[in-house]
Amino acid sequence: MSLWGATDADESKPKNLTTAEKKEVFANASGWVREAGSVLSGNGNTSATPEVLVAIGGLTTALGTADITSIDFNITAFDKSDGGTLSVTARFNEAVDVTGTPQLTVVNDTNSNHTLSYASGTGTNELIFTLVIGAANAATDADDVLSIGANAMSLNSGTVKDAGTTDNAVITNAASIGTAAGTITVTA
């Protein structure tokens with residue numbers, strides 16, 4: 001078995017990385033790279049050039065269409081009385097370009113689901129989705145459990161494409177990808 005490879009599986013990423021570190025690694029034309037601004041690279045500049053970990057020429061072409069590799073909450077708690085911003089990151093195995101306002105659904109186990117709108121990330125492998133919920137809003141109740149299910153993202157008349165191409169990215173995700181984000185229980 002090779003040390004790393006040209007597939008989009010986490011197992012093909014550099015073996016010396018932990019599972020958490022692999023979340024910050026994606027493919028570009030140079031090979032496997034670490035996201036700009038990562039604390040692991042020692043450079044907090046999110047506009048910096050991604051750090052090349054393994055040079056594999058044409059890796060993005062070998063991988064084919066961009067796929068979602070993880071979806072994670074950017075918050076750890078939500079208080080109904082204070083309100084706040086629900087924020088979620090969808091990571092892809094390579095950079096993607098976004099047009100319009102794709103959406104991502106956060107499932108609420110007892111109330112109506114929350115639709116987060118694309119906020120930022122075009123040209124990178126991380127797309128941020130947000131929704132502001134006002135204090136004491138009827139959209140959530142204390143003890144509601146928020147989670148991310150399968151196929152959480154929708155295009156909403158927008159596009160998500162492999163960066164620099166006309167190829168549509170795969171925006172469906174397996175239930176296991178959303179489940180890995182865990183849950184947030186709303187407090188009063």
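Two strands pair if DSSP finds at least two bridges between them. Keep that rule at hand. The model used here is predicted.

**Exercise 1. Find which strands pair with β6, and in what direction each pair runs.**

Solution. 
Step 1. Take β4, residues 68–73. Five bridges join β4 to β6. The rule asks for at least two, so β4 and β6 pair. They run antiparallel.
Step 2. Take β9, residues 124–133. Nine bridges join β9 to β6, again antiparallel.
Step 3. Take β12, residues 159–162. Four bridges join β12 to β6, and these strands also run antiparallel.

**Exercise 2. Decide whether β6 is mostly covered or mostly open.**

Solution. 
Step 1. Buried means under 20% relative accessible area.
Step 2. Apply it to residues 84–99. Of these 16 residues, 12 are buried.
Step 3. Conclude. Strand β6 is mostly covered.

**Exercise 3. Describe the lining of the largest pocket.**

Solution. 
Step 1. Note the space: about 250 Å³.
Step 2. List some lining residues. Among them are Phe 26, Glu 35, Pro 50, Ala 95 and Thr 124.
Step 3. Sort the lining by type. Five residues are nonpolar, five are polar and two are charged.
Step 4. Find the main contributor. Strand β9 gives the largest share, four residues.

Definitions and conventions
Residues numbered from 1 in each chain as written. Predicted model: local features only at pLDDT ≥ 70, side-chain atom pairs only at ≥ 80, totals over all residues. Heavy atoms only, no water. Buried < 20%, exposed > 50% of the residue type's maximum accessible area, 1.4 Å probe, protein only. Helix = DSSP H or I, 4+ residues; strand = E, 2+ residues; numbered from the N terminus. 1 Å grid on protein atoms, 1.4 Å probe; cavity = no way out; pocket = protein on both sides within 12 Å on 5 of 7 lines; lining within 4 Å. Points joined across faces, edges and corners; volume = space filled by probe spheres on them. Nonpolar A, V, L, I, M, F, W, Y, C, P; charged D, E, K, R; others polar.
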